[in-house]
Amino acid sequence: LEQAGGKLSDEKVKEIGAQIVSALSAIHTQGIYHLDIKPENLVLESTGIKLIDFGSARPEGGNSRSTRSFTMQYTAPEVMANGQIGPWSDLFELGMVLYECLMG
């Protein structure tokens with residue numbers, strides 16, 4: 001993102017979004033929520049985007065009470081409020097990242 005001048009093209013954002021949605025689908029199927037999706041946890045490699053740093057990840061049916069570290073500008077409201085977490089929590093964070101990629 002920094003190398004691209006702070007913004008990415010619509011096509012690149014679509015490509016990144018699709019890859020991360022695929023990764024989230026895989027972990028959500030296993031009943032795990034990442035809960036810390038931010039640019040620093042997305043690594044661009046020649047094979048595509050990798051989602052890293054599962055230190056804040058929590059299991060299905062849990063809440064965010066045990067999630068102590070998060071990044072304010074990306075975190076879903078229910079994580080900050082110690083509420084019920086779910087796939088929507090990761091999708092909110094992904095939306096924040098994609099918005100930043102588009103708008104700078």
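Visitor: In which loop is N82 found?
Guide: This is a predicted model, in which local features need pLDDT of at least 70, side-chain atom pairs count only at pLDDT 80 or more, and totals for chains, interfaces and linings use all residues. Residues are numbered from 1 along each chain as its sequence is written, and side-chain values use heavy atoms, with hydrogens and water left out. Helices (H or I, at least four residues) and strands (E, at least two) are DSSP runs, numbered from the N terminus. In those terms, N82 is found in the loop between α2 and α3.

Visitor: What is the relative accessible area of N82?
Guide: The phi of N82 is positive, near 55°, in a residue other than glycine. Buried means under 20% relative accessible area, exposed over 50%, and partly exposed in between (1.4 Å probe, protein chains only). N82 is partly exposed, and its relative accessible area is 36%.

Visitor: What is the phi of D53?
Guide: D53 sits in the loop between β3 and β4 (58–59). D53 is partly exposed, at 40% relative accessible area. Although D53 is not a glycine, its phi is positive, at about 60°.

Visitor: Which residue with a positive phi follows α1?
Guide: Helix α1 covers residues 10–29, 20 residues in total. From first C-alpha to last it reaches 28 Å, close to the expected 28 Å, where the expected span is 1.5 Å times one less than the number of residues. The residue that follows α1 with a positive phi, near 80°, is G31.

Visitor: Within what arc do the buried residues of α1 fall, seen down its axis?
Guide: The buried residues of α1 are V13, I16, G17, I20, L24, I27 and H28. They line one face of the helix because, seen down the axis of α1, they fall within a limited arc (taken from the directions from the helix axis to the C-beta atoms), and that arc is 100°.

Visitor: Which exposed residues are on the face of α1 turned away from its buried side?
Guide: An α-helix has 3.6 residues a turn, so residues three or four places apart point the same way. On the face of α1 turned away from the buried side, the exposed residues are E11, K14 and T29.

Visitor: Which residues is I20 in contact with, leaving aside its neighbours within four places in sequence?
Guide: I20 lies in helix α1 and counts as buried, at 0% relative accessibility. The buried residues of α1 pack against β1 (32–33), β2 (42–45), β3 (48–51) and α3 (87–103), with contact meaning heavy atoms within 4.5 Å. Leaving aside neighbours within four places in sequence, I20 is in contact with L42, I49 and L94.

Visitor: Against which elements do the buried residues of α3 pack?
Guide: α3 has 17 residues and reaches 24 Å from its first C-alpha to its last, close to the 24 Å expected. Its buried residues are S89, D90, E93, L94, V97, L98 and C101. These buried residues pack against α1, β1, β2 and α2.

Visitor: Which residues does D90 touch, not counting those up to four places away in sequence?
Guide: D90 is found in helix α3. At 0% relative accessibility, D90 counts as buried. Not counting residues up to four places away in sequence, D90 touches L24, I27, H28, Y33, H34, L35 and I37.

Visitor: Is K38 buried or exposed?
Guide: K38 has its place in the loop between β1 and β2. Beyond its neighbours within four places in sequence, K38 is in contact with T71, Y74 and V97. With a relative accessible area of 16%, K38 is buried.

Visitor: How many residues of the lining of the largest pocket are charged?
Guide: A pocket is an open set of points on a 1 Å grid over the protein atoms alone, where a 1.4 Å probe fits, with protein on both sides within 12 Å along at least five of seven lines; lining residues have an atom within 4 Å of a point. The largest pocket has a volume of about 440 Å³, and of the 16 residues that line it, the closest to its centre are L1, E2, P39, L42 and L44. Nonpolar covers Ala, Val, Leu, Ile, Met, Phe, Trp, Tyr, Cys and Pro, charged covers Asp, Glu, Lys and Arg, and the others, Gly among them, are polar. The lining divides into 11 nonpolar residues, one polar, and, as charged residues, four.

Methods:
Points joined across faces, edges and corners; volume = space filled by probe spheres on them.
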